[in-house]
Amino acid sequence: MITRSPAPLQRHDEAEEPAIATTGTAALTTTADTTAITHVDVPTDSEHTAPLSLPPAWQAQLSGAIRDPRELCRRLGLDERWLPGAEAGHSLFEVRVPEAFLARMRPGDPGDPLLRQVLPLGEETQPTPGYVADPLEEAAHTPAKGLIHKYHGRVLLITSPACAVNCRYCFRRHFPYAENSPSMAQWDASLDTLRNDPSITEAILSGGDPLATSDRRLAWLSERLEAIPHLKRLRIHTRLPVVIPERIDAELLGWLGATRLQKVVVLHINHANEIDESVIAACRRLSDAGVTLLNQSVLLRGVNDTVETLAALSERLFEAGVLPYYLHVLDPVTGAAHFDVPDDEARELVAGLRGVLPGFLMPRLVREIPGKASKTPL
Ligand SMILES: *Cc1c(COP(=O)(O)O)cnc(C)c1O
Ligand code: SF4
């Protein structure tokens, strides 16, 4: 089995930062940063410059996330018997839970739908027939470093190797990020794939979580993307506004609001309890910046496998100004079999959902089948 331990976030960001330290303390303001970017024609990722200003608040939350299975169990008041499983799972795919997400869980409840998404279990170590390391066969679709091009018109950019939260069911839990994390200079070369193919109209920042990367790096990338004339849309697939809502700060809104590209943010929320007032406020900041907000969920045993739970999720999403987009059935990734909901049951759930929700709050039930030109409706 391939395992990975995600790169330490801070070190990664510092190492790959474009060299714009010349802006000094003024770099905290958007205007100064945008100006600074124009001076960075040839960013050198080797240059290691000490930050002259305080890192943004969200980065402290990111580096302060819980990464110890023992601490996770202790903080939620879980029984000792959960520990061996948590440690076994953690050794395959490390625990990572930001405080802001932890705060929405019910202490003492091992069945809490948010906790279930992040608590490693002993089951993860059991091999299951049909469950593999790369269920989507993404490794076969990387035309250039950091890119995945499977569907017509849109290209996925693996913008960050890390996530703010590690979801146990993640289909990329074994993704070889180390081989697919381009430096800034390598990005420029990879972007030639987009520049040279006029059929590509949408760039999708994905990961990991693209927003785990610094705004300097994202602004740099966004500028290069908007300079490609045939690109129309910038899409961002992220869970960060949910797990660390402070991530949607003035700096991010600065570069995002400035681009000529149409902007879509696809969130990843699986349960209504994930959406508290701080998440609603983050969503509002994004929509005020001209972003269309959608959500994708994964159908997960013990998390959102009832009609009531899914209906409550759609309703709550709409309260946050977000429309449901996809409901994915689980990708058969090694270590996640205990989350599976069989297809027939998934179809029944969605039929039940249709009975209680308006059409515009219905997510599309899909599966990703390797080799297909789109997601496949169930
Ligand atoms: C899911 C996915 C997309 C986006 O598909 P949409 O149906 O447009 O949301 C693009 N590229 C890859 C490789 C994907 O897996
Ligand atoms: S945030 Fe997304 S990419 Fe990251 S671990 Fe969770 S499911 Fe995987």
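Strands here are DSSP runs of E, at least two residues long, and helices are runs of H or I, at least four, numbered from the N terminus. The model is predicted: local features need pLDDT of at least 70, side-chain atom pairs count only at pLDDT 80 or more, and totals for chains, interfaces and linings use all residues. Residues are numbered from 1 along each chain as its sequence is written, and chains are lettered from A and ligands numbered from 1 in the order in which they are written.

The shell around ligand 2 includes Cys163, Val165, Cys167, Cys170, Asp209, Arg239 and His268. It comprises 4 nonpolar, 4 polar and 3 charged residues. Nonpolar means Ala, Val, Leu, Ile, Met, Phe, Trp, Tyr, Cys or Pro; charged means Asp, Glu, Lys or Arg; the others, Gly among them, are polar.

In helix H11 (residues 250–258), Glu251, Leu252, Trp255 and Leu256 are buried (20 or more other C-beta atoms within 10 Å of the residue's own, with C-beta atoms placed from the backbone). Seen down the axis of H11, the buried residues fall within an arc of 120°, so they line one face of the helix. The arc is taken over directions from the helix axis to the C-beta atoms.

Conventions
Near = placed C-beta within 6 Å. Buried ≥ 20, exposed ≤ 12 C-beta atoms within 10 Å, placed from the backbone.
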